Amino acid sequence: MRWSQAFIPTLRQDPADAEAASHRLLVRGGFIRQLMSGSYSLLPLGRRVAAKVEAIVRAEMNAIGGQEFLLPVVHPGEVWKRTGRWDTVDEIMVKFRDRRGVDLLLAITHEEIFTLLAAELSSYRQLPQLWYHLQTKFRDEPRPKAGLLRVREFTMKDSYSFDVDQAGLDRQFDNHYAAYTRIFRRTGLEPLAVQASSGVMGGSESVEFMVPSEAGEDLIAVCRSCGYAGNVERAASVPAPVEDAPWDGPPERFPTPGVRTIAALEAHGDFAAAGRQIKTMAYVVDGRLTLVLLRGDHEVMEQKLIDGLGTQNIRPGHPDEIREALGALPGSLGAVGVTGFPVIVDPALRGRRNMVTGANQDDWHLRGVTVERDIAVDRWLDVRRVEAGEGCSACGAPLEVFKAIEVGHIFKLGTKYSEALGARVLDEEGRECPIIMGSYGIGVGRQVAAVVEAHHDEAGIVWPVSVAPFEVVVTSVAADAGTTAAAEEVYRGLLERGIEALIDDREERPGVKFADAELIGIPFRITVGPRRLAEGKAEVMRRQGRVTEEMALEEAAARVAAAVIAER
RNA sequence: CGGGCUGUAGCGCAGCUUGGCAGCGCACCUGCUUUGGGAGCAGGGGGUCGCCGGUUCGAAUCCGGCCAGCCCGACCA
């Protein structure tokens, strides 16, 4: 490609609205342009990178037996009504009607339609199957941000496995785990595989692939000692224990005028230290007021509640409904003597005695509360958010917590979709059984952004060869006939060797050409200029680390081509 | 959805307080010079000032409404 004819609209200044490095550099480098919130056009450079990522994903999916499909983006609402998701994922789904008044939607994912196709399978002999496609998804996220990291419209590789039994699903899941590991290694990412919440997907097990990054939106807890890693939406830990002072008497009321917070109550003395309080949260779960109890110094992780209770329908209670139910406002709530409402208790409260909690009367609290004696526990459920420094639940070493970008997610789905949509086969004994499914996703654009987050410096992007929009740029730094001819010769030499080369033949000053080449991150630059040309030499610069090397002009194409091929 | 902020040329911004010819830098076009790290000089083109309405002799500027975008939080396969 000739730079003079290419559409590579680089910007000298950072765009004002870009914060994340990937957002800033992809816009500045002329890879993407925003159309609206959470929606980007891929320009030629961006498209080339995305195509490289897609090719790697395809190759690795095919290597584990995947068959490529292409399913529609507009789906009939009727199919989604059959699985219940027309209603349950209401908020992020764009719904509309066609001219006949038929309910339609923009696909947020493709379980329904792949499962519909899988309904044509009829025998265990046809299984296992592994189907995938690379297709646009549209999710009307409430807050798109950070360029390609969180968007509403995006391309995703989603695959779906179909098996007759759990062992088959386990194999497909493991195959994906291995394939994803290879995909990310090839694109220059080093994600951690973490235990994740399955969310509204349902299913028994899910693993996220997370690339540690300050630009990430998820928090993951990691144990350096034993390798345990979990999304904080699901991760467990061992909190520092708290010593209880002995107390065998009944709970005792004491006045706490104006006290509405854990911190304010602590001021009453050592006996009311945060770790010795019981925090009482009032949620409305499926329309019913539910008390959730934690240690005072612990935070609730709502996703754990959602997963543990098996419902999406959870919200904090409104002050007036809480007062009507319990007789007090948040800040003075407690579960002692409460019946008629489910009481969910975090296991960190197990065995605790002589604790402090609200008395369900404003300005009053109770002390001397022994959890199992005084509170009618309906269910023990880990709902506590893990904090950095707490003990790993597997080995006890301190956990680290940091931000990460989710670049892939794999789920064991089970039979939710196959049952709803009638995808059944006959097994070896002739019994009809629902197909056991898994689903597996990788966001292409997000992966591109994650690569930039992991591979950039002050001058711009530093693409790994495997996903670079071009592998080599030939920079001609003078317009005289001799230099131009020599640069063209090197460029031809690269093309003949099958290298994806770009020749910077623009009438620009050298500084502009160098800065642009580094901004867009081409892995190798061959500079041809009169100075070294007089000695029969060219300069080769590797973008990574910006190290330069002189070599004979006639060897440059061959030597750089060999280096490129070695890194593909 | 709550809080904060911003919409003026392709990009980055000033002008708005105190109403009176719509500006600056970069980019773009022409010419000359220059040519190994974002050149110099000269000339030139380009803007419904987010949209609608109001006040006023006169609105980028004041008032009202709306729209869009960004950041934080909530939310989020």
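I'll start with one pair: the side chains of Lys 52 and Glu 500 form a salt bridge, 3.0 Å from N to O. Please keep in mind that this is a predicted model.

Now the setting. Chain A is split into three parts: domain 1 covers 19-74 + 107-208 + 405-452, domain 2 covers 252-380, and domain 3 covers 470-567. My topic today is the interface of domain 1 and domain 3. Taken over C-alpha atoms, the centres of these two domains are 38 Å apart. Seven residues of domain 1 and four residues of domain 3 make the contact.

How much area do domain 1 and domain 3 bury between them? The figure is about 580 Å², and 64% of it lies on carbon and sulfur atoms. On the domain 1 side, the residues that lose the most area to domain 3 are Leu 45, Arg 48 and Lys 52, which together account for 60% of what that side buries.

Next, the polar side of things. Two salt bridges are found across the interface of domain 1 and domain 3. For polar contacts, the count between the two domains is one residue pair, both at pLDDT 80 or more.

Which elements of domain 1 give two or more residues to the side that touches domain 3? They are α1 (21-28) and α2 (44-63). Of these, α2 supplies the largest share, three residues. Sorted by class, that side of domain 1 has three nonpolar, one polar and three charged residues.

Methods:
Residues numbered from 1 in each chain as written. Chains lettered and ligands numbered in written order. Predicted model: local features only at pLDDT ≥ 70, side-chain atom pairs only at ≥ 80, totals over all residues. Heavy atoms only, no water. Domains from an automatic or database assignment. Contact = heavy atoms within 4.5 Å. Buried area = accessible area lost by both parts, 1.4 Å probe. Salt bridge = Lys/Arg side-chain N within 4 Å of Asp/Glu carboxyl O. Polar contact = N/O pair within 3.5 Å; in protein donor to acceptor, adjacent residues only side chain to side chain. Helix = DSSP H or I, 4+ residues; strand = E, 2+ residues; numbered from the N terminus. Nonpolar A, V, L, I, M, F, W, Y, C, P; charged D, E, K, R; others polar.
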